[in-house]
Amino acid sequence: MTWWRQIVGRARADSELAQEIQAHIAERVDDLVERGMSSDEARRTALQEFGNPVRCLEDSRAVWLIPWLVSVGQDVRYVLRTIRRQPVFSASVVLILTLGIGLVTALFTAFNATVLQPWPVPDPSSIVVIKPRPASNERYGTLSSLEYRYFREHARSFSHLASSLGGGGSVGHSDGTMFATLQSQYVTANYFDALRIGMTIGRGFLPAEEDYGSPKAVAVISERVWLEYFASDPGVLGSPIRIGDKTVTVVGVAARGFAGVRGTIRDDLWLPLPTVATGLGAADWLRTFDNPRRTSSSQVFGRLRPGVTTEEGLAELDVLSRQFRSTHAMEAPGVRLADTRPLSADNETVRNDLPAQSLMFLALLLVMLLACANAGNLVLAKTVARRDEIAIRLSLGASRSRVARQLITEVLVLSLCAGLAALYLSATVPALLIRLHGSEISNDAHLGPDAFVFLFTLLMSIVACAFASLGPVLHVTRVAAIGSGRDRALAGPSSHRLRVSLLAMQIALSTVLLLGAALLTRAVSHAMSLDPGFAVAEVQQIALEMPRGASADALPRIRETLTTAGLPPTAFSSLRPITTARTEISVRHPNQEAEKNRRLVLRPVSAGYFGVLGIRFLTGRPFGDRVNGRELVVSESAARLLWPNDDPIGKRLVSGGSDKPPESHEIVGVVVDVPTTTLTEVEPVIYQPMHLGNVVLVRDLSPAVSARIRDLVESSVPGASSYSRPLIDEVRDSLANLVLGGRIGWVLGGLALVLAMLGAFGVFASMVEERRREIGVRMALGARGSQVVQLVLSGATRPVLAGLVAGLALSLIVTPLLRRALYGMSPFDPLAYLEIAAILLASSLAATWVPAARATRVEPAITLRGD
Amino acid sequence: MSRPDRQDLFPGALEMMVLQTLRLGPLHGYALAQAIKRASDDLVRVDEGSLYPALQRMLKAGWLTAAWSVSERNRQVRIYRLTPLGRKQLERKVNAFERLLAGVLKVMRPAPS
């Protein structure tokens, strides 16, 4: 990096020179003044004598700079000439490097978009969350909507005070087809204004849409939803979508990247706050709205006016809160303000995604290094072929460092080209990656290349250049200067060894990648073959949606209809059997204090649940099918947890705690453990009898049954609808990440393998080329074709075996990182190891076969004559 | 790059004189110019504008080293010092010059035959 030192050094040298010239003139002036000149005259004379100082400075600088500039110019011209002379070679190097750099850059772009992008809300520091302090009888402070409205009317420190309430549910097209379960928020009309979030198309909410008297069924969707489910069709404006039992009209698409104010939870849909009160019990709910003591779980945030500090805002709200509460004779503990750190994607998301992301990053980095090693191998082969030229240049007086610099310049030019191509890839691939990755990625704010991505690509290009030119440069340092044209055999072995070790490294790295992929893929089939403890393959689950304003007896009516219709056995549950949704129950032994409560997973199900799903009873019986029954069934691990040494049958548990009156339950049965969230996560579960659930389970996959159920549902409660889905699909969904990981692994591993095999082919093809004379001599002396093939293959055996062994050893270290994703399968699965070893050996054989076959076609006569 | 020098009689003369002057002791740029002028009884005037590029050339060639110091007038100046390589170069240049001079003189004042 001498050129770098030169550039930095030059800047200093220039200022030193200028100082020196000033000193010179000053000395002259002093001299002249001593001889009796006036200082003005002396200065004039001195300057005149000196001539033009700027010119002097430039001339001095040129002494250093011009030869350097000339040599750089020479290098670049030389490199461009070389590249033009060997277009196929240059194109292949660029292609290989593009592959490597492109993949890493693409992932970085996705990472940049998801993790490094700031919250898309302008001026986030002026947004504060308003948290009421808890009163003496409360655990958490609460804010009634009346108090919120009081704040909104009176607070002068805030330009906006907005409120939002969480929701969520299945969203679908108006024809009843469901497309996603999305998080939604019921918001005040000023929500988007407060955040200064504009609309990509359409409009935000109007003040009139915050009228509690007549809720308007309108919605704003996120740009992600617009892209994924409506293909960015502007026609989405004005079109109706279904959210649960409501049909609403889309009026706007929020600006790109905006995913709400809840940090890790990304919202994709916003509805006016009054619409929360449509549907079941709406009127009751609205009546409670004007009760100052009615607590709500809404979040209130505000934007401070410019120039108003958080303290001033806090002081005003504190006063307002006390005023409001004293008029309603309530305790007034005041409020506190939280900054918006919890709103922007906080560290938790980053922490959760980091292991997966960094593992992928590592894999891609490996592929990139592979690509670099491969490009290096190509360049090295070319350098070896150019040995004569290099030797001549050395003997004509070119310094070795100069020749090496030319080589590096050549690779740098190629890798910068590859970097440019990679930037293009990075603009297209990440959108694909994110799409594949699905909802896990929280914030697809910005997917184009930006300054970060640009810098990263530049860095990767330089890294690639360093890796790819390492081997060739090492080789150049060994080329003999004079007379090398004659002794080809002398320069061979060392460069060959270098290429062979690069090859071994490539084989090792592709082994690691392929093995990871093989393990993930095997883990999928392993997980699918796991016995979850229930009849996962035979059960159909049907979700019921009640119409708006359905009467309280709608669900019982449906249940009644379904149980008496002569269907195969059906069961009801409030949750799907495998779901990340979670309800808990807090229980204790009858003689214990409430503080000793344990929180366990609760599954409210109908008595038929165990039979339909085929969950086996270890002891006891199902609970009776009585409304509000006090009997419980526990899972095996729950039983072990609660009664380590006793038979749980007939024992009692007390549920409820500080917030609920205690209830006593009797244990009537113990069932085997079955997973509840994902296929492998088994937790202690308590099953409680539940009469009415909107998930219906039936042990029959035939479409006729689901059609029959739909008809029954729709005829018994007009407007109700049902969606059916095989349970096994749910299970498959829970493995989606694993399938995706395996797929990505295979693609990367396959690429790595192709690269390594191309490398192997190149190495042995050039080895055959170099040893053409030797092979010719051998054949002239009577060697048979098979012996020649053996000669080449024996050269290949060592690097392939060494690479394979090194790769397998490396895998033993790396694959335990995957353990969590393997669903209980060992990361040292011998079958996966064997599979990969076989793939690698077979493809190595194929890659060396062609050069070996070519060697047998060497014509002894021609080779010998050519010498 | 560097312009033809009016004061220089032939290329390299300035450099030779600088080397010779510095052989007597290290000097800074202005003192160097004055010393050459004095030593030649004001017959040779150093073009100060070309002195510094010449000094840089010689620095680059390794004939001189430079170090910051203080002049007699207490001013920050760069003091140039001859290196062993520069000394050798001087000898070579003086030899070549003397041969050249002798040749030129022979032509200009032919010895009586």
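Arg196(A) is partly exposed, with 17 other C-beta atoms within 10 Å. Burial is judged by counting: a residue is buried if 20 or more other C-beta atoms lie within 10 Å of its own, exposed if 12 or fewer, and partly exposed in between, with C-beta atoms placed from the backbone. Arg196(A) sits in the loop between α6 (191-195) and β4 (199-202) of chain A. Helices (H or I, at least four residues) and strands (E, at least two) are DSSP runs, numbered from the N terminus. The phi of Arg196(A) is near 55°, a positive value in a residue other than glycine.

Asn74(B) is not a glycine, yet its phi is positive, about 65°. Its place is the loop between β2 (64-70) and β3 of chain B. Asn74(B) is exposed, with 7 other C-beta atoms within 10 Å.

## The model and its confidence

This is a predicted model, in which local features need pLDDT of at least 70, side-chain atom pairs count only at pLDDT 80 or more, and totals for chains, interfaces and linings use all residues. Residues are numbered from 1 along each chain as its sequence is written, while chains are lettered from A and ligands numbered from 1 in the order in which they are written.

pLDDT is the predictor's confidence in each residue, from 0 to 100. Chain A has a mean pLDDT of 78, and 83% of its residues reach 70 or more. Over residues 341-350 of chain A the pLDDT is below 50; beyond near neighbours in sequence, this stretch has 21 contacts in the model. Residues 484-491 of chain A are also below 50, and that stretch has 9 contacts beyond near neighbours in sequence. Two residues are in contact if their C-beta atoms, placed from the backbone, lie within 7 Å.

Helix α3 of chain A covers residues 53-85. At 1.5 Å a residue, its 33 residues should span 48 Å; the end C-alpha atoms are 47 Å apart, which agrees. The expected span is 1.5 Å times one less than the number of residues. A kink of about 45° is centred on Ala62(A). The bend at a residue is the angle between axes fitted to the seven residues ending there and the seven starting there. Buried residues in α3(A) include Cys56(A), Asp59(A) and Val79(A).

Helix α13 (residues 451-476) of chain A has 26 residues and should span 38 Å; its end C-alpha atoms are 36 Å apart, which agrees. This helix has a kink of about 40° at Leu470(A), shortly before the proline Pro472(A).

## Strands in both chains

In chain A, 2 bridges join strand β5 (residues 218-221) to β8(A), and the two run antiparallel. Strands pair if DSSP finds at least two bridges between them. Ile221(A) has Leu269(A) as its bridge partner. Leu269(A) and Leu271(A) point one way from β8 (residues 269-272), Trp270(A) and Pro272(A) the other way, and all are buried.

Chain B has an open sheet of 3 strands in the order β1-β3-β2, with antiparallel pairing. β1 (27-28) and β2 stand at the edges, each with a single partner strand, so one side of each is left without a neighbour in the sheet. His28(B) stands opposite Ile79(B) in β3(B).

## Where the chains touch

How many residues of chain B are in contact with chain A? There are 18, and they are in contact with 22 residues of chain A. The elements of chain B giving two or more residues to this side are α2 (29-39), α3 (48-61) and β3 (76-82). The largest share, 7 residues, comes from α3(B).
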